[in-house]
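Please keep the sequence and the model open while reading.

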Amino acid sequence: VNKFGSDVEWKNKSIKVNGNTYRKDADTVPCRRYRDYRLDYNKNPNNYVGGIIIIPDHGNSIINYPEQHIENGRIKNSNTNGYYKKFVRIMKNMRYSMEDSYYSTYKVAASNVSSFLLESLLWNIEDQWYIDNGSKYRKVYTFNLIVQLLRANKGNFKSYKEANGIKPLCEDENTYNNLCIFIDLLSSYYEFE
């Protein structure tokens, strides 16, 4: 407030700083360092997985591993010749398009999954699925293959990890069901579009 005045807005998990003519909108997430000692069987104080903990005004604390997420994303993108991030953007854009759809079925399905969840879902796809499949319409063809692969492997979503490689992708049944519904509807929406 001292720095930005009325351009600051307190949210449940973040502090939003509204943009103006010389500054973009920004969300700041206050957090603390977190140390996960679950795999330390020798009681070594230096043997931990580092993360962050967010303590919202309402709801449970949230533990995340952003450094691992960033590093794993870089590796995946490098291993796939840059196609991982491209397909993440395509998937997120499809989600936004579904949210803007006139059909409530698509709207609800898209609003029940986060961009982070979709990025993590695509992180679990084996690298070779992103590599050139020999088509001159490569992106469209490969995206379609990946969507069909996801539809065929929905039963494995519970064993997938977030892009940080630590936390499970579907921590509860509701997340799993929402993700399955989204993937099914994405397939039909994608064909329609």
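1. H2 passes H3 in a left-handed crossing; left-handed means that the near helix is turned anticlockwise from the far one by less than a right angle, and right-handed means clockwise. Helices (H or I, at least four residues) and strands (E, at least two) are DSSP runs, numbered from the N terminus. The H2 side of the contact consists of Arg 95, Met 98 and Glu 99, and the H3 side of Tyr 106, Lys 107, Ala 110 and Ser 111. Contact here means heavy atoms within 4.5 Å.

2. A caution on the basis of this note: the model is predicted, local features need pLDDT of at least 70, side-chain atom pairs count only at pLDDT 80 or more, and totals for chains, interfaces and linings use all residues. Residues are numbered from 1 along each chain as its sequence is written, and side-chain values use heavy atoms, with hydrogens and water left out.

3. Two packed helices are described by the angle between their axes and the distance between the axes. Axes are lines fitted to C-alpha atoms, for helices over the stretch in contact, and angles run from 0 to 180 degrees between N-to-C directions. For H2 and H3 (residues 104-111), the axes come within 7 Å and cross at roughly 135°. H2 is therefore oblique to H3. Angles under 35 degrees count as roughly parallel, over 145 as roughly antiparallel, 65 to 115 as roughly perpendicular and the rest as oblique.

4. H2 (residues 83-99) also meets H4 (residues 115-123): their axes come within 10 Å and cross at roughly 140°. This pair is therefore oblique too, and its crossing is right-handed. From H2 the contact takes in residues including Tyr 84, Phe 87, Met 91 and Arg 95, and from H4 residues including Leu 118, Glu 119 and Trp 123. By class there are 8 nonpolar, 1 polar and 4 charged residues in this contact. Nonpolar covers Ala, Val, Leu, Ile, Met, Phe, Trp, Tyr, Cys and Pro; charged covers Asp, Glu, Lys and Arg; the others, Gly among them, are polar.

5. What angle do the axes of H1 and H4 make where they cross? The angle is roughly 50°, with the axes of H1 (residues 66-79) and H4 coming within 11 Å. That makes H1 oblique to H4, and the crossing is left-handed. His 69, Asn 72 and Lys 76 of H1 meet Phe 116, Glu 119, Leu 122 and Trp 123 of H4.

6. The largest pocket has a volume of about 420 Å³. Its lining has 14 residues, with Ser 114, Leu 117, Glu 162, Leu 169 and Thr 175 nearest the centre. H4 and H6 (173-192) are the elements that give two or more residues to this lining. The lining divides into 5 nonpolar, 5 polar and 4 charged residues. A pocket is an open set of points on a 1 Å grid over the protein atoms alone, where a 1.4 Å probe fits, with protein on both sides within 12 Å along at least five of seven lines; lining residues have an atom within 4 Å of a point. Grid points are joined across faces, edges and corners, and a volume is the space filled by probe spheres set on the points.

7. As for the whole chain, it has 6 helices and 6 strands.
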